[in-house]
Amino acid sequence: MIWAVLMGFTAINAQTVYNLEQLKDSARNNNLKFQNAQLSVEAATEQRKEVFTKYFPNVSAVGMAFRTNNGMAELEIDPSGMITPEIGATLSQMLPAEALSALANPMSLELMKKGRIAGITALQPVFMGGQIVNGNRLAKVGEEVSQLQLQLSANEVDLATEQYYWQLVSLQEKQKTLDVVDSLLSVIYKDVDVAVKAGVAMRNDLLQVQLRLNDIESQRVKLNNGTAVLKLLLMQHCGLSGDDFTVENPDGLLSQNFGGEIPAADSTSGDYLNTAEYHLLQKQVEACELQRKLTLGKNLPSVAVGAGLNYHNLLENDHTFGMIFATVSVPLTDWWGGSHAVKRQKIAIRKAEQQLTDNAAMLDIRVKKTAFDVQEARQQLDIALRSVEQSTENLRLNSDYYRAGTCSMSDLLQAQLLYQQSVDNVTDKYTELRTKLVEYRQARGE
């Protein structure tokens, strides 16, 4: 017997106990949605750095070697047409007869039949209609949006973790309540069994207690199954490696410490201004304005300056030369469609501004609603706590009355059932209050 007790004590101590912050950290490190949001932030940061490079010169190099079946430039020269009688007399004295006869016939000349070309050019944008500046601003907005979305993902993960956590706390507390009720019924069963054997109580009383004990056993099976399923969900959500764990309740279900003051709904105006949702709406308006500027910039002239170093041997001689140049590009026909694109972007800005106004009102309502929910949950908990006090006293009185023979076993078991229900109700109302507080804090952007 002693060995069994020690083994049970060792098994209990072997369980891992997690607090709420540990579970939140584990969930953020292992939750796929949160990890994807972190990767989105990294991708947005790389995109911002990529767009920043547009401020620098665009350097390109080109090289080519070729050979053609015919020269790219062909000339036919008739020397006889260029030789005057005086020159002919002079050449006749200098050249042999064969050479003089060759000058009397036309000659073909091929150029650039093979060659190599290479060059390197640097082009520095000077004015691009604001496209580079606004493109960088838009990339910065995209990075900020990804960070806000990461915050929203963190809020979702934290809220789900809190819900799983307090649900598990609730089931653990209900297990404790069942243990207390089971102990009470066991004492009643022993007393009734002795009374039945002594002939001072009816066997029907004993059967009622047995039925109630069976009901407690049935509830325990349901609680064990519910606890096992909830642990599996918490393991998947937080990336835990085993189900041999419990969670701690830092306050105690009958404590008055609920982690903060109960808010007043009439003092929550403007609290939504700190939320990620509101900042996302603002970023949407900002992004639409930058898109309009980018669209406008595509229809403005662009100016760039450049320098290059080139080489070729097209004329059978190596030739290298440098150059500086400037380019001006003026879109003409693009204005036909570009003006409509700018108007379309202005419409998108108005839509984003209207959405900001409408959703801001809804965010304000959400803050007030969650404040009302917290108030209601606290009031419900206070009522449940009073019910525990009353049911406890009712159970004590009925226990005394039964021993005195002035009430029936049904009355005693009903009092015991009311006690269990009131304690379980406190557990439910407490965990609901804790969840509502998290929703309220997130609605305020905390």
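**Figure 1. Burial and overall make-up of the protein.** In this predicted model, 36% of the 446 residues count as buried. The protein contains 10 helices and 8 strands. Among contacts between residues at least 6 apart in sequence, 86% join residues at least 24 apart.

**Figure 2. The largest nonpolar core.** This core has 63 residues. Leu23, Tyr165, Ile188, Val192, Leu234, Val247 and Met409 have the most contacts inside the core. Two or more residues each are given by helix 2 (20-30), helix 6 (131-198), helix 7 (203-238), strand 6 (245-247), helix 8 (276-297), helix 9 (334-403) and helix 10 (409-443). Helix 9 provides the largest share, 15 residues. Apart from this core lies another, of 5 residues, including Leu138, Val141, Ala287 and Leu294.

**Figure 3. Surroundings of Leu23.** Leaving aside residues up to four places away in sequence, Leu23 touches Tyr18, Thr161, Tyr165, Leu234, Cys238, Leu240 and Val247. Of these neighbours, Tyr165, Leu234 and Val247 are, with Leu23, among the residues with the most contacts inside the largest nonpolar core.

**Figure 4. Helix 6 and the residue that follows.** Helix 6 has 68 residues, which at 1.5 Å a residue should span 100 Å. The C-alpha atoms at its ends are 99 Å apart, in agreement with that expectation. Just after helix 6, Gly199 adopts a positive phi of about 80 degrees.

**Figure 5. The aromatic pair Trp166 and Tyr430.** The two rings are edge-to-face, with 5.7 Å from centre to centre and 80 degrees between the planes. Trp166 is in helix 6 and Tyr430 in helix 10, 264 residues apart, so the pair links distant parts of the chain. Trp166 is buried, because its relative accessible area of 1% is under 20%. Tyr430 is buried as well, at 0%.

**Figure 6. The aromatic cluster of Phe52, Tyr55 and Phe56.** These three residues form one aromatic cluster. The ring centres of Phe52 and Phe56 are 5.6 Å apart and the planes lie at 80 degrees, so this pair is edge-to-face. Phe52 is partly exposed, with 44% relative accessibility, and Phe56 is partly exposed at 46%. The count of aromatic pairs comes to 6.

**Figure 7. Cys288 and Cys407.** Cys288 counts as buried at 14% relative accessibility. Cys407 is buried, with a relative accessible area of 15%. A search of the whole structure finds 0 disulfides.

Note on methods. Residues are numbered from 1 along each chain as its sequence is written. This is a predicted model: local features need pLDDT of at least 70, side-chain atom pairs count only at pLDDT 80 or more; totals for chains, interfaces and linings use all residues. Side-chain values use heavy atoms; hydrogens and water are left out. Helices (H or I, at least four residues) and strands (E, at least two) are DSSP runs, numbered from the N terminus. Buried means under 20% relative accessible area, exposed over 50%, partly exposed in between (1.4 Å probe, protein chains only). Contact means heavy atoms within 4.5 Å. A nonpolar core is a set of buried Ala, Val, Leu, Ile, Met, Phe, Trp, Tyr and Cys residues joined through side-chain atoms within 4.5 Å. A disulfide is a pair of cysteine sulfur atoms within 2.5 Å. The expected span of a helix is 1.5 Å times one less than its number of residues. Rings of Phe, Tyr and Trp (its six-membered ring) pair if their centres lie within 6.5 Å; planes under 30 degrees apart count as stacked, over 60 as edge-to-face and the rest as tilted.
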